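Here are my notes for you, written as numbered points. Keep the model open while you read, and look up each residue as it comes along.

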Amino acid sequence: MEQNVSRVRHILLALLAIIFLIGIDQITKYLAVLKLKDQEPLVIIRNVFELLYLENQGAAFGLLQGKKVLFLTLTAAFLIFIVYIYFRMINIRKFRSLRILIVFLTAGAIGNMIDRIWHNYVIDFFYFSLIDFPVFNVADIYVTLSCIIFLILFLFYYKEEDFEQIFPKKGKKR
């Protein structure tokens with residue numbers, strides 16, 4: 001019983017964190033529309049970083065422009081998969097970082113999904129002109145950093161037997 005209460009508490013906390021993170025993403029995009037749309041870029045550090053309004057109908061680096069249905073389908077499938085993983089994880093300290101990464105990944109995916117549904121494009125506004133990096137937004141930061149940290153954890157922290165606790169091999173009980 002106590003374990004179920006703890007699990008419900010963790011799930012509610014994760015949902016609140018996701019809502020909070022999506023809120024930050026959506027507020028920053030709203031401010032970008034309000035302050036940056038149809039304006040000259042706002043230079044923060046000359047020749048290095050600026051705020052530049054962009055409506056992106058594609059993926060990173062401008063790939064797959066105008067493929068809204070594909071993006072929505074892939075995002076929905078991705079969200080189902082990571083929620084499935086979240087619920088399969090046993091509630092131990094070893095998986096705390098993985099659960100946090102799932103919260104950020106979910107918030108990022110939903111943040112950009114909201115844009116695609118409401119606007120038919122994603123609002124981007126951060127631009128590193130020094131390296132001519134593609135324009136991005138807060139949700140992109142959530143997803144990118146989560147993926148990088150997950151890769152580091154996967155390579156250096158988690159072991160195969162850790163993942164077997166989430167996805168047991170055939171014939172083994174969890």
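The points below go from how to read the model, through the strands, to the aromatic rings.

1. Before you start, know that this is a predicted model, where local features need pLDDT of at least 70, side-chain atom pairs count only at pLDDT 80 or more, and totals for chains, interfaces and linings use all residues. Residues are numbered from 1 along each chain as its sequence is written, and side-chain values use heavy atoms, with hydrogens and water left out.

2. Let's take the strands. Helices (H or I, at least four residues) and strands (E, at least two) are DSSP runs, numbered from the N terminus. Two strands pair if DSSP finds at least two bridges between them. Strand E1 (residues 42-45) runs antiparallel to strand E2 (residues 49-56), with three bridges. Have a look at Val43, which stands opposite Glu50 in E2. The two strands make a hairpin with three residues between them, and Asn47 in the turn has a positive phi of about 65 degrees.

3. E2 also pairs with strand E3 (residues 122-128), again in the antiparallel sense, over six bridges. Here Phe49 has Phe128 in E3 as its bridge partner.

4. Now find Pro41, in the loop between helix H1 (2-36) and E1. Is Pro41 buried, exposed or in between? With a relative accessible area of 30%, Pro41 is partly exposed (buried is under 20%, exposed over 50%, partly exposed in between, using a 1.4 Å probe and protein chains only). Apart from neighbours within four places in sequence, Pro41 touches Glu50, Leu51 and Leu52 (contact means heavy atoms within 4.5 Å).

5. On to the rings: there are 11 aromatic pairs in the structure. Rings of Phe, Tyr and Trp (its six-membered ring) pair if their centres lie within 6.5 Å; planes under 30 degrees apart count as stacked, over 60 as edge-to-face and the rest as tilted. Phe95 and Tyr158 are stacked, because their ring centres are 5.9 Å apart and their planes lie at 20 degrees. This pair links distant parts of the chain, 63 residues apart: Phe95 is in the loop between helix H2 (68-88) and helix H3 (96-119), and Tyr158 is in the loop between helix H4 (138-156) and helix H5 (160-166). Phe95 is buried at 0% relative accessibility, and Tyr158 is buried at 5%.

6. Ring pairs also join Phe49, Phe125, Phe126, Phe128, Phe133 and Phe136 into a cluster.

7. Finally, check two charges. Lys94 has its charged end over the ring of Tyr157, 4.4 Å from the centre, while the charged end of Arg116 sits over the ring of Phe71, 4.0 Å from its centre. The rule is that NZ of Lys or CZ of Arg is within 6 Å of the ring centre and within 35 degrees of the ring normal.
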